[in-house]
Amino acid sequence: MTPTAHNSRRTFAIISHPDAGKTTLTEKLLLTGGAIHLAGEVKARGAARRARSDWMKIEQQRGISVTSSVMTFERDGITFNLLDTPGHEDFSEDTYRTLTAVDSAIMVIDAAKGIEPQTRKLFEVCRLRSVPIITFVNKVDREGRPVFELLDEIADMLALDVSPQAYPVGMGGEFQGVLDFATGRVARPEGPSKEFKGKREADVELPEKVAENVELAQIGYPEFDLDAYRNGDLTPVYFGSALKNFGVTELIEAIAEFAPPPRPQPAGEDTVGPERDEVTGFIFKVQANMDPNHRDRIAFMRQVSGTFKRGMKLTPSGLGKPIAIHSPILFFAQDRELADTAEAGDIIGIPNHGTLRVGDTLSETNKVRFTGLPNFAPEILRRVQLRDPTKTKQLRKALDDLSEEGVIQVFYPEIGAQWIVGVVGQLQLDVLVSRLSAEYKVEAALEAAPFATARWVSGDAKALDQFESFNRANLAKDRDGDLVFMAKSPWDVGYQEEKNPELKFSATKER
Ligand code: G4P
């Protein structure tokens with residue numbers, strides 16, 4: 001690999017509200033890009049695949065994606081790493097973390113619905129990290145809202161400059177294709193299914209109203225500006241239909257041309273750029289093996305710098321001593337499956353038995369610490385009620401494992417024996433109960449806890465001691481032994497903050 005191999009990487013995610021068409025678009029990107037293999041399929045073969053645990057069933061029943069995966073494809077010398085984010089709003093924590101591992105995002109919007117709540121929430125996470133966004137307005141083969149209304153809504157609701165790069169020639173029954181501004185050609189529907197099958201026409205005479213609007217779209221909105229896009233201040237907007245294959249190639253080309261190669265990552269006061277020789281990366285996700293009989297996990301590392309080679313030794317920050325990475329899962333495009341290296345921007349799956357945790361940095365020198373991978377204050381807290389009291393040890397192990405995976409957060413109260421789990425979405429609780437039973441043979445029920453939220457408390461040792469002695473009934477330790485204040489209400493948090501100005505009450509914890 002050349003020292004600049006990372007320049008050919010595009011690591012991105014798709015953000016959208018459920019039903020906007022993320023799954024359909026993902027499939028089409030992979031088909032057009034000439035696919036790959038899916039991360040979830042790597043380990044699960046034959047019997048193992050059939051023995052998927054109950055939480056996979058939840059996934060099937062509800063028709064939602066609980067697990068993220070990594071999909072890689074190559075086109076015209078560019079390697080695309082698409083990180084799938086669970087679309088369901090209940091799984092936001094996992095989604096947020098995945099967004100820390102990408103360099104850019106595609107925002108998919110349903111042409112009939114515009115900006116929806118989940119789109120907006122995810123957009124805000126991207127904005128926090130200045131992740132550049134390309135917008136794809138989907139389903140233009142159906143009746144949608146007027147184009148200008150959609151463009152203005154994106155601009156107003158997200159406080160973002162919009163720069164249209166295409167225009168749908170009619171929508172719904174009137175749909176006659178999509179005009180691409182860069183080439184001036186119209187992608188045309190063909191056959192009874194009215195799909196795009198590669199027919200593009202130049203010099204098309206557009207219906208008068210459409211021609212007028214196209215002109216307006218080109219002069220009435222800011223021109224595309226690469227710096228503004230990469231700073232997260234402007235979004236180029238494409239129109240298409242994932243279902244009928246319109247706009248998919250244009251989208252891939254836009255990512256190849258405009259989306260940033262691996263960006264430097266924050267590491268305390270410093271940043272680490274992809275050109276650094278040393279191999280570094282951070283774990284943004286840990287996933288249990290699909291096979292419930294095996295305890296091993298796959299940690300997903302976003303590589304930040306260097307050229308990784310199979311068998312290399314890296315030191316996880318949480319462990320302090322090096323581990324040899326002999327059987328990494330490298331998510332290569334098909335023609336490179338035998339390759340043994342990975343570059344900055346790539347994702348490496350590392351099988352392990354619980355040594356690697358979300359937020360860990362891996363590096364050759366153990367001198368780098370990536371920052372900015374938050375734990376979020378849980379919004380739902382429950383007490384875990386064990387049906388068989390002899391299983392306490394198994395329960396503790398299970399809760400530790402699952403919190404390490406980021407499925408739940410666990411709090412061990414300073415007083416009392418009942419452990420508390422915290423989540424940011426209801427669905428995580430269902431996953432918890434079913435995985436406890438399927439994988440750990442622990443039958444447990446969850447009951448209401450008298451707390452509404454939690455805050456990590458830090459500050460001067462003396463002030464902390466005093467606070468602890470007064471509030472023991474509302475204090476717990478998290479899995480790392482860090483002090484957590486369990487609040488009965490948001491008001492309670494405010495009250496303690498006011499009363500203890502020398503202490504910090506944090507809604508997120510960075511590891
Ligand atoms: P998601 O992952 O964002 O949740 O969306 P998904 O791709 O599953 O798409 C949701 C529904 O929208 C699907 O219909 C899908 O076929 C449809 N869809 C996606 N892209 C387009 C498009 O470009 N045009 C049209 N007309 N439809 C599109 P479905 O499977 O029938 O689901 P449902 O209708 O039963 O909810």
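Helices here are DSSP runs of H or I with at least four residues, strands are runs of E with at least two, and both are numbered from the N terminus. The model is predicted: local features need pLDDT of at least 70, side-chain atom pairs count only at pLDDT 80 or more, and totals for chains, interfaces and linings use all residues. Residue numbers start from 1 along each chain as its sequence is written.

Start at the ligand. A residue is near it if its C-beta atom, placed from the backbone, lies within 6 Å. The shell holds 17 residues, and G21, K22, T23, T24 and L243 are the closest. Helix α1 (residues 22-33) gives the largest share, three residues.

Now take strand β17 (residues 313-316). Its side chains alternate. L314 and P316 point to one face and are buried (20 or more other C-beta atoms within 10 Å of their own, C-beta atoms being placed from the backbone).

β17 has two partners to follow, where pairing takes at least two DSSP bridges. Two bridges join β17 to β18 (residues 323-324), and the strands run antiparallel. Here L314 stands opposite I323. Six residues separate the two strands of this hairpin, and G320 in the turn has a positive phi of about 85°. β17 also pairs with β22 (residues 361-363), again antiparallel over two bridges. There T315 has S363 as its bridge partner.

Finish at helix α12 (residues 426-440). Its buried residues are L427, Q428, V431, L432, R435, L436 and E439. An α-helix has 3.6 residues a turn, so residues three or four places apart point the same way. Just after α12, K441 takes a positive phi of about 55°.

Notes
A residue is buried if 20 or more other C-beta atoms lie within 10 Å of its own, exposed if 12 or fewer, and partly exposed in between; C-beta atoms are placed from the backbone.
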